[in-house]
Amino acid sequence: MSKIIYLFHEGIRNLWRHKLTAVTAIGSVFFSLLIIGTFILVHQNSHQLIDYIRSKYKIEVFFENHVTNEDAQLIVDKIKELDGVQSIALITKDDAIKIYQEQFNENLIEILGYNPLPNSAVINIEKHGNTEVDVGPLITDLEKIPNIDEVVYEGTLIRRVEYFYNITVRIISYIAIGLLVITVIVISNTIKLSIYAKQDLIQNLKSIGATKRFIRTPFIIEGILEGIMGAILAIAVLFIAIRSGNLYFANIISFKIDFDMVGIIWLFAIAIFIGLIGSYRGIRTLLK
Amino acid sequence: MIGFNNVTYTYPNGMGVFNVHLRILPGEFYFLIGPSGAGKTTIIRLIYMDMFPDRGEINVNRFSSKKIRKSKIPQLRREIGMISQNFNLLNDRNLFENVALPLHVIGCDKKEIRDRVMALLVEVGLEDKAYEYPRELSGGEQQRACIARGLIKDPAIILADEPTGNLDPSTALQIIRLLERINRKGTAVLMTSHNYRLIKELGHRFIEIKNGIIQTG
């Protein structure tokens, strides 16, 4: 037991004894995890962002000017039955004039002496998981309904955004995997260099009869601690960035970046993995 | 205790030790003398099995160079106290921590470590320097600390590789006297030296080695 306490204590003290190499290793872990953490964030928030983009899949239907509220309601009921319609909201002429006044701060009735805006409706389209929505048939059906003046759909632009977004997420995932591999190599070499600086200690321990495990353990504890410290710093910076980002974007779009527990656990797991593999690889070379 | 039976070890450059026969019994004090490059350090390294002979067999206590498994080498080294010319103290640890290191390796508890280290520091006259760092000590004090570290686990054998090499004659003599005191308690000592003048008056047995071949013994 006293040996285990000693080895753990040595691991912690090694951090202090070799401050410069520890700072280098922690710094490398920090920067790498910051990049990997950003990718995890992108991955975690991609579905939320896709849902946000899809919420913009709406079709606006403008009725002919002579259509009364009652007739408009009948048409709305008919549209509800069509395939691909999730929900529909009627916007009466009175609602439309109110919306116009709120948006442009002008009273059209006072200016023109009458309400020129038609009855209209906003249709939310049914979405199926990650598959792209094909609204072509629905638009054709809508255009066939009598008393509909215009069908407006901006889905082409949204679909293009979604397409490029999916490609970007895929490319970022490949880059993240590549970066992870490079990071493990860089970190293990940094830790290896720091272990090279402690060769006198290793030779000393060998000459007094220390087993390989006894020599190795404090270095591995040191490596893991460096990984954890790098992870704590990276997570702190990511949280500050997320908070600032959310505050900034709150006024622009209704999208909120989330960083949940799974992401944090992943970052810690990667940090411990990097520290463990890095220090083990480093010490193994010197103990051969 | 230590036995070399027709041992040969050759470095890639052709130097080494050749056909060495050697026997050191418990409680004996031997000097191994010879010029630099004669093979003294090679003999020491072969004893603590830092390397293995190309031919012949070495026996140290119950360990044989022919039969020992790699995992048993630390066990062998725990029975040997190593003292070297360069002191080999760790500069980022104080004297107490340096001397205590071998006891941590064998898993002693805190109280035992404190008691044994302090007792030994008294014996080598360094009790008031326990919490000083190696760079704050003189060469002689560092060597005494190194001896204390070699002795801390009560080894049966002390291997002292040129322990007086970096010291002035008066300090060197003090170190030899300290090793003699340790030897009188029953610990076998093998000390290498290239300084024949220093040891010839001391009356101990010596083995002379030249170009890797034992001349006298």
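How many residues does the contact take from chain B, and how many from chain A? I looked this up first. The model is a predicted one. The contact takes 16 residues from chain B and 13 residues from chain A.

Next I checked the chain B side by element. Two helices of chain B, α2 (73–77) and α3 (95–105), are the elements that give two or more residues to the side touching chain A. I noted that α3(B) gives the most to that side, with four residues. I then sorted the chain B side by class. It divides into seven nonpolar, five charged and four polar residues.

I stayed with chain B and turned to helix α1. I listed the buried residues of α1(B): B:K40, B:T42, B:I43, B:I44, B:L46 and B:I47. I also looked at what comes after the helix. B:M49 follows α1(B), and its phi is positive, near 55°.

Last, I went to a helix pair in chain A. Two packed helices are described by the angle between their axes and the distance between the axes. I looked up both for helix α9 (residues 212–249) and helix α10 (residues 261–287) of chain A. Their axes come within 7 Å and cross at roughly 150°. The crossing of α9(A) and α10(A) is right-handed. By class, I found 18 nonpolar, six polar and four charged residues in the contact of α9(A) with α10(A).

Methods: Residues are numbered from 1 along each chain as its sequence is written. Chains are lettered from A and ligands numbered from 1 in the order in which they are written. This is a predicted model: local features need pLDDT of at least 70, side-chain atom pairs count only at pLDDT 80 or more; totals for chains, interfaces and linings use all residues. Two residues are in contact if their C-beta atoms, placed from the backbone, lie within 7 Å. Ala, Val, Leu, Ile, Met, Phe, Trp, Tyr, Cys and Pro count as nonpolar, Asp, Glu, Lys and Arg as charged, and the others, Gly among them, as polar. A residue is buried if 20 or more other C-beta atoms lie within 10 Å of its own, exposed if 12 or fewer, and partly exposed in between; C-beta atoms are placed from the backbone. Axes are lines fitted to C-alpha atoms, for helices over the stretch in contact, and angles run from 0 to 180 degrees between N-to-C directions. A crossing is left-handed if the near helix is turned anticlockwise from the far one by less than a right angle, and right-handed if clockwise.
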